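I opened this notebook to record what I looked up in one structure. The entries follow the order in which I worked.

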Amino acid sequence: MTSRPNEILVVGNYCHDTIITKDGSMFQGLGGSPAYISAILSALGVQYEVIAKVGEDFRYMEQTPKKPRVASGTATTAFLDDWRKGERIETLQAQGTPIFAEDINTSAEIAICCGVMDEIKPETITAMRKNSKKLLCDMQGLIRMAGDTGKVTYMPLAVTKHFSILNQIDYLKASAVEAKLLNISAIRQKTNLIVTEGPQGCTVYTRDGSFTVPGLPVKEKDSTGAGDSFLAGFAYGLLKGFDLKKAAKFANFCGAVAVTQLGVPEISPDTFEAFVP
């Protein structure tokens with residue numbers, strides 16, 4: 001029996017996440033964009049592959065439906081997310097190893113670039129572009145940086161090495177906070193931009209115009225991974241031929257589903273019955 005070709009390729013590192021919730025309770029678990037994206041794609045029955053790296057200390061191999069590559073002599077990327085002040089204060093506790101262009105050894109209809117902390121270099125994105133028909137990219141991994149204390153901050157996209165290859169990306173996703181570091185008028189001449197705005201939904205900017213799709217009211221428990229789940233939903237919409245507004249609406253729904261659970265969500269295929277043919 002021949003295997004089905006990959007519909008979606010996900011590239012980015014898994015993490016060890018420690019989350020301090022708004023009420024001060026602590027949760028440790030599997031993290032990283034591929035973990036949240038996998039939860040959505042698995043529930044949707046998508047044929048997908050993940051290219052991710054972890055260190056020898058990785059604790060959650062049994063929880064990953066798509067196994068990462070273990071880089072000997074390295075640590076797994078690790079973050080502390082503290083929500084006690086309402087906004088996330090993020091601290092990098094360990095830096096994982098990069099994903100190189102030569103690691104991109106499979107193709108797919110759609111590729112998702114979802115780095116967590118500078119592990120995906122411009123040449124890796126170029127390799128993803130060559131191995132896919134559409135390329136989606138999350139801005140967070142391109143602009144995150146950590147100071148001496150590990151506190152995560154952001155640099156403007158225009159000063160990174162990734163800025164020169166934006167025209168290779170079909171859709172760039174940024175949070176509302178990250179979008180403040182962008183010249184949106186300039187970005188939309190190079191690529192399509194999606195700005196996620198939490199409960200308010202999202203705004204899609206193309207070369208010719210823009211539109212906003214409202215969010216869905218849910219009881220939020222943990223917003224970690226909401227953007228990753230959004231990106232998975234948007235990629236699925238493109239894969240199935242949804243128009244941009246429908247793809248954005250479905251992406252909002254996936255993001256809303258994710259925030260109702262703490263950590264990587266457990267999702268039943270039945271969750272998507274209203275959207276999936």
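**Entry 1: a strand residue.** I worked on a predicted model. I began with Thr77, which lies in strand β7, residues 77-82. Is Thr77 buried or exposed? I found a relative accessibility of 2%. Thr77 therefore counts as buried, since the cut-off is under 20%.

The side chain of Thr77 reaches the backbone nitrogen of Gly96 at 2.9 Å. I then listed the contacts of Thr77, leaving aside neighbours within four places in sequence. They include Asn13, Tyr14, Cys15 and His16, as well as Leu92, Ala94, Gln95, Gly96 and Val116.

**Entry 2: helix α2.** I asked which residues of helix α2, residues 122-130, are buried. I noted Pro122, Thr124, Ile125, Ala127, Met128 and Arg129. What covers these buried residues includes the strands β1 (8-11), β9 (108-113) and β10 (132-138), and also helix α3 (140-143).

**Entry 3: helices α6 and α7.** I turned to the packing of α6 (residues 226-239) with α7 (residues 244-258). Their axes are 7 Å apart, and the angle is about 145°. I recorded the crossing as right-handed.

From α6, the contact involves Ala226, Ser229, Phe230, Gly233, Phe234, Tyr236, Gly237 and Leu238. From α7, I listed Leu244, Ala247, Ala248, Phe250, Ala251, Asn252, Cys254, Gly255 and Ala258.

How values were computed: Residues numbered from 1 in each chain as written. Predicted model: local features only at pLDDT ≥ 70, side-chain atom pairs only at ≥ 80, totals over all residues. Heavy atoms only, no water. Helix = DSSP H or I, 4+ residues; strand = E, 2+ residues; numbered from the N terminus. Buried < 20%, exposed > 50% of the residue type's maximum accessible area, 1.4 Å probe, protein only. Polar contact = N/O pair within 3.5 Å; in protein donor to acceptor, adjacent residues only side chain to side chain. Contact = heavy atoms within 4.5 Å. Axes fitted to C-alpha atoms, helices over the stretch in contact; angles between N-to-C directions. Left-handed = near helix turned anticlockwise from the far one by under 90°.
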